[in-house]
Amino acid sequence: MTVFAIDPGALKDTIAAALGDKVKSINVALGEVTLVVKAADYLAAMQTLRDAPGCQFEQLVDLCGVDYSSYRDTEWEGLRYCAVSHLLSVSLNQRVRVKVFCADDDFPVLPSVMHLWASANWFEREAFDLFGIVFEGHEDLRRILTDYGFIGHPFRKDFPLSGHVEMRYDEALKRVVYQPVSIEPREVTPRVIREENYGGLH
């Protein structure tokens, strides 16, 4: 039997009481509390989670983007882009997962929580780079993993596996150049059709 330092059900009730109508949904699964808030309430909810007695989540340990355009091999009903944060209270030995969906699929925007937790700086830059989620109020929102001239956001599910451009060093120009992708799509594993009784097997 798993024993938790903080009862997840009690933590769920504490968070629900602290956030009130800012909670869109909150549940406990596998001993973990997951909270969903609206984009309009995101910043205020995060500030409450950091400061409110009984919450006191002093650390943002992770923030990542998610593209829900397809989900578990089915069409997703709802908004496409989501930011998922994991908060830790060292003083109270408890954790919570916070999910917030961007209100506009065509231009996903959320407020930055960088001024609440300094660790959000690179996490939000990564979500911007890979998913195209813009974090308003971020002091230095620029790409962090891809090149300066990179086109698109590679973790979006509609981004081509081979990308849009490739780069190489041009000996004649003595510099790096970008050009359209020259990779031809191919099957990684060839399809093998064996004749009947192959290898003497029936």
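Is Asn-93 buried, exposed or partly exposed? At 48% relative accessibility, Asn-93 counts as partly exposed, where buried means under 20% relative accessible area, exposed over 50% and partly exposed in between (1.4 Å probe, protein chains only). Asn-93 is located in the loop between β6 (81–89) and β7, and its phi is positive, at about 55°, although it is not a glycine.

The model is predicted, with local features requiring pLDDT of at least 70 and side-chain atom pairs counted only at pLDDT 80 or more, whereas totals for chains, interfaces and linings use all residues. Residues are numbered from 1 along each chain as its sequence is written, and side-chain values use heavy atoms, with hydrogens and water left out.

The chain contains three helices and eleven strands, helices (H or I, at least four residues) and strands (E, at least two) being DSSP runs numbered from the N terminus. From the N terminus on, the order of elements is α-β-β-α-β-β-β-β-β-β-α-β-β-β. Of the 202 residues in the chain, 33% are buried. Among contacts (heavy atoms within 4.5 Å) with a separation of 6 or more, 49% are between residues 24 or more positions apart.

Two packed helices are described by the angle between their axes and the distance between the axes. The axes of α1 (residues 8–19) and α2 (residues 42–51) come within 10 Å and cross at roughly 125°; axes are lines fitted to C-alpha atoms, for helices over the stretch in contact, and angles run from 0 to 180 degrees between N-to-C directions. The two helices, α1 and α2, are therefore oblique to each other, given that angles under 35 degrees count as roughly parallel, over 145 as roughly antiparallel, 65 to 115 as roughly perpendicular and the rest as oblique. Ile-15, Ala-18 and Leu-19 of α1 and Ala-45, Thr-48 and Leu-49 of α2 form the contact. These residues divide into five nonpolar, one polar and no charged, with Ala, Val, Leu, Ile, Met, Phe, Trp, Tyr, Cys and Pro counted as nonpolar, Asp, Glu, Lys and Arg as charged, and the others, Gly among them, as polar.

Strand β7 (residues 94–101) includes Val-100, which is buried, with a relative accessible area of 0%. Leaving aside neighbours within four places in sequence, Val-100 is in contact with Val-37, Lys-38, Ala-39, Tyr-42, Tyr-81, Cys-82, Ala-83 and Leu-110. Val-100 and Ser-85 are 15 residues apart in sequence, and their C-alpha atoms are 8.7 Å apart in space.

Ser-112, in the loop between β8 (109–111) and α3 (120–131), also counts as buried, at 4% relative accessibility. The side chain of Ser-112 reaches the backbone nitrogen of Met-114 at 3.0 Å. Not counting residues up to four places away in sequence, Ser-112 touches Leu-43, Glu-124, Phe-135, Glu-136, Gly-137 and His-138.

Two further loop residues are partly exposed. Gln-56, in the loop between α2 and β3 (59–67), has 27% relative accessibility and counts as partly exposed; its phi is near 50°, a positive value in a residue other than glycine. Ile-151 lies in the loop between β9 (134–136) and β10 (165–170) and counts as partly exposed at 46% relative accessibility. Apart from neighbours within four places in sequence, Ile-151 is in contact with Arg-143, Phe-159, His-164 and Val-165. The C-alpha atoms of Ile-151 and Val-165 are 7.6 Å apart in space, with the residues 14 apart in sequence.

Technical notes:
A polar contact is a pair of N or O atoms within 3.5 Å; within protein, one must be able to donate a hydrogen and the other to accept it, and residues adjacent in sequence count only if both atoms are side-chain atoms.
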